[in-house]
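I opened the notebook to go through one chain, starting with the fold and ending with single residues.

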Amino acid sequence: MARVKGALATRKRRNKILKLAKGYWGARSKHFKMAKEAVMKSGNYAYVGRRQKKRDFRRLWITRISAGCKLNGINYSQFMHGLKKANIDINRKMLSEIAIADPQGFASLVEQAKAAL
């Protein structure tokens, strides 16, 4: 039976992990065993972070819209309810941009929402 030598595949696999761990502190970037643990952990953090980013941005948009609403004498929940009743479909990201960049336009949206209530 022929002897199987897997050194090339092993070296390739290890180098792939070490390349991902480049820039890590101390032995985490040099030793395969520690680098493997660090890369697995960082992958988990990255996965969670991609989901947290969506939450964080939504929270930021709502805060901005709420600040714009307070300037126009209405609270956030009533404003959103008024928009729904007025059949105005604008997502929170765009509403927050309007609240920052175009206060007059946002004020007109608030008036429409108040009228629908």
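The entries below record what I looked up, in order.

**Entry 1: overall fold.** I noted at the start that this is a predicted model. I counted secondary structure in the protein chain and got five helices and zero strands. Reading along the sequence, I wrote the pattern down as α-α-α-α-α. I then looked up the radius of gyration, which is 26 Å, whereas the globule rule gives 13 Å for 117 residues, so I put the chain down as more spread out than a compact globule. A box drawn along the principal axes around the C-alpha atoms came to roughly 85 × 35 × 20 Å.

Entry 2: I checked how many of the 117 residues are buried, and the share is 22%. For contacts with a separation of 6 or more, I found that 47% join residues 24 or more positions apart.

**Entry 3: charges.** I counted 28 positive and 6 negative side chains in the protein chain. The centres of these two sets lie 22 Å apart.

**Entry 4: helix H3.** Which residues of H3 (residues 76–85) are buried? I listed Tyr76, Phe79, Met80, Gly82 and Leu83. These residues cover an arc of only 160 degrees around the axis, so I placed them on the same side of H3. In general, an α-helix has 3.6 residues a turn, so residues three or four places apart point the same way. On the other side of H3, I found Lys84 and Lys85 exposed. I then looked for what covers the buried residues of H3, and the cover includes helix H2 (32–71), helix H4 (92–101) and helix H5 (103–116).

**Entry 5: helix H4.** I looked up burial in H4 next and found Leu95, Ser96 and Ala99 buried. Their arc around the axis is only 100 degrees, which puts them on the same side of H4. I traced the packing of the buried H4 residues to H2, H3 and H5.

**Entry 6: Trp61.** I located Trp61 in helix H2. Which residues does Trp61 contact, leaving aside its neighbours within four places in sequence? I found Arg92, Lys93 and Ser96. Of these, Ser96 is among the buried residues of H4 that I had already listed. I also took the C-alpha to C-alpha distance from Trp61 to Glu97, which is 8.3 Å, although the two are 36 residues apart in sequence.

**Entry 7: Asn87.** Where does Asn87 sit? I placed Asn87 in the loop between H3 and H4, just after H3. Phi of Asn87 is near 55 degrees, and I flagged that as a positive value in a residue other than glycine. Most residues other than glycine have a negative phi. Is Asn87 buried or exposed? The relative accessible area of Asn87 is 69%, and the cut-off for exposed is over 50%, so I recorded Asn87 as exposed.

Note on methods: Residues numbered from 1 in each chain as written. Predicted model: local features only at pLDDT ≥ 70, side-chain atom pairs only at ≥ 80, totals over all residues. Heavy atoms only, no water. Helix = DSSP H or I, 4+ residues; strand = E, 2+ residues; numbered from the N terminus. Rg over C-alpha atoms; globule rule 2.2 N^0.38 Å. Buried < 20%, exposed > 50% of the residue type's maximum accessible area, 1.4 Å probe, protein only. Contact = heavy atoms within 4.5 Å. Lys, Arg positive; Asp, Glu negative; His and termini not counted. Charge placed at Lys NZ, Arg CZ, Asp CG, Glu CD. Arc of directions from axis to C-beta.
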